[in-house]
Amino acid sequence: MSFDRFGRNIHYLRISLTDHCNLRCVYCMTENMTFRPNAELMQDDELLLFTRLFTELGFDKFRLTGGEPTVRANVVELVRGIAATPGVNSLSMTTNGVLLKKLAVPLKQAGLQRVNISLDTVNQQRFQEITRWGKFEQVWDGILAAESAGLTPVKLNAVVVRGFNDGDLAEMAKLTLHFPWQVRFIEMMPFAGQTDFQRSQIVSEAEILEMIGKECGHPALLNNGILDGEARLYRLPNAPGTLGFISSVTQPFCAGCTRARLTADGKLRLCLLKEKEVDLLTPLRSGASLSDLKEMISAGIWQKPWGHDLAKGEVAINRMMSEIGG
Ligand code: SAM
Ligand code: SF4
């Protein structure tokens with residue numbers, strides 16, 4: 001098992017398969033984004049090796065993200081390799097859903113268990129404005145494909161951006177009246193390049209609950225408010241699905257954090273919102289032994305920061321969300 005110096009058991013790794021993406025969401029990237037050359041990213045064999053090392057250190061839960069994980073070449077075979085690694089008990093993906101219509105079945109067959117799909121609005125026009133390049137129908141088809149392939153329970157992630165989708169939140173919530181999905185509202189976090197925009201556009205959980213309550217009836221708090229992963233859950237009256245709130249900025253859940261991240265260029269990132277990283281790919285390519293690499297991982301985990309300091313105005317500016325793996 002891997003513990004940090006605060007006694008937290010860190011066993012959940014989010015791996016960014018690529019920093020590249022086929023959309024350009026306004027809160028995540030600029031439209032003229034440039035990406036790293038593929039040679040700088042972990043190659044398939046390197047990624048599988050790191051997965052094995054992390055499982056040997058007690059990691060059992062893995063999420064594939066990005067950038068957009070489904071645009072990585074050979075993603076199905078890569079998923080198959082990760083799923084087959086002894087010790088990988090949970091394997092999920094966060095995706096924009098654009099390619100899921102085609103990939104849901106092969107990914108499920110390769111061993112992927114679940115997906116979180118980003119959907120910020122059910123308003124087609126607004127969806128295009130937020131994602132810049134996205135087509136709502138493609139993602140909707142992707143969501144249905146994921147459900148019928150058994151990549152369940154389907155969770156939808158909506159980053160709430162004032163002035164863009166804050167008027168559509170009740171419609172998003174209403175999806176849970178018709179589908180057994182979890183619709184999750186995520187507070188926007190400040191990152192490199194977008195900090196001013198993001199900070200000024202945050203909409204708090206209390207405000208969202210009030211908006212939903214006015215249109216759909218008051219959502220009931222579930223599990224006495226105990227977090228399910230990082231989400232606080234609610235249910236609308238008679239809904240088969242649930243609502244989730246991920247309020248990392250206004251109500252941080254750092255005390256219960258069990259996760260670390262592996263960036264697409266092979267750096268162990270200890271906290272999403274702190275710049276501290278341990279380069280693993282350069283030593284691997286320079287011939288470090290596997291036991292040296294495991295020691296670097298363990299030492300990095302031990303030094304994991306307690307949590308973010310957004311309340312003090314501290315923002316990590318060395319990387320964008322899409323590079324780290326959200
Ligand atoms: N491309 C995939 C997707 O969009 O689902 C995976 C990567 S994306 C960076 C992962 C999640 O981070 C998405 O749900 C996205 O909406 C969210 N995200 C991106 N920028 C964010 C920000 N500044 N604050 C909060 N969430 C953000
Ligand atoms: Fe791409 Fe996901 Fe960022 Fe949108 S949120 S630009 S889909 S990486």
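How many bridges join strand β10 to strand β11, and do the two run parallel or antiparallel? In this predicted model, β10 (residues 259-262) and β11 (residues 267-269) are joined by two bridges and run antiparallel. Across that pair, Arg-261 sits opposite Arg-269 of β11.

Stepping back, these strands belong to an open sheet of twelve strands with mixed pairing. Reading across it, the order is β7-β8-β9-β6-β5-β4-β3-β2-β1-β10-β11-β12. The edges are taken by β7 (220-221) and β12 (277-279); each has a single partner strand, so one side of each goes without a neighbour in the sheet. Helices pack on this sheet too. Helix α2 (residues 75-83) touches β1, β2 and β3 (90-95), and its direction makes about 150° with that of β3. Helix α10 (residues 290-302) touches β10, β11 and β12, with an angle of about 170° between its direction and that of β12.

Next come the pockets. The largest pocket holds about 220 Å³ of space. Its lining is made up of 13 residues, and those nearest the centre are Lys-61, Arg-63, Lys-155, Arg-184 and Glu-230. Sorted by class, that lining has eight charged, three polar and two nonpolar residues. The sheet turns up here again: β1 (12-18), β2 (61-66) and β4 (114-118) each give at least two residues to the lining of the largest pocket.

The second largest pocket has about 190 Å³ of space. Its lining includes Leu-17, Thr-18 and His-20, along with Asn-38, Leu-41, Met-42, Gln-43 and Asp-44. Val-71, Arg-72 and Ala-73 also line this second pocket. By class, the lining of the second largest pocket has five nonpolar, four polar and two charged residues.

As for ligand 2, the residues around it include three cysteines, Cys-21, Cys-25 and Cys-28. The shell has five nonpolar residues, two polar ones and one charged one.

Two spots in the backbone deserve a look. Most residues other than glycine have a negative phi, and most peptide bonds are trans. The peptide bond from Thr-152 to Pro-153, however, is cis, with omega near -5°. Pro-153 is placed in the loop between α5 (136-149) and β5 (155-160). The other spot is Arg-132, which is not a glycine and yet has a positive phi of about 65°. Arg-132 is found in the loop that runs between α4 (124-131) and α5.

How values were computed: Residues numbered from 1 in each chain as written. Chains lettered and ligands numbered in written order. Predicted model: local features only at pLDDT ≥ 70, side-chain atom pairs only at ≥ 80, totals over all residues. Heavy atoms only, no water. 1 Å grid on protein atoms, 1.4 Å probe; cavity = no way out; pocket = protein on both sides within 12 Å on 5 of 7 lines; lining within 4 Å. Points joined across faces, edges and corners; volume = space filled by probe spheres on them. Helix = DSSP H or I, 4+ residues; strand = E, 2+ residues; numbered from the N terminus. Nonpolar A, V, L, I, M, F, W, Y, C, P; charged D, E, K, R; others polar. Pairing = 2+ DSSP bridges. Contact = heavy atoms within 4.5 Å. Axes fitted to C-alpha atoms, helices over the stretch in contact; angles between N-to-C directions. Near = heavy atom within 4 Å.
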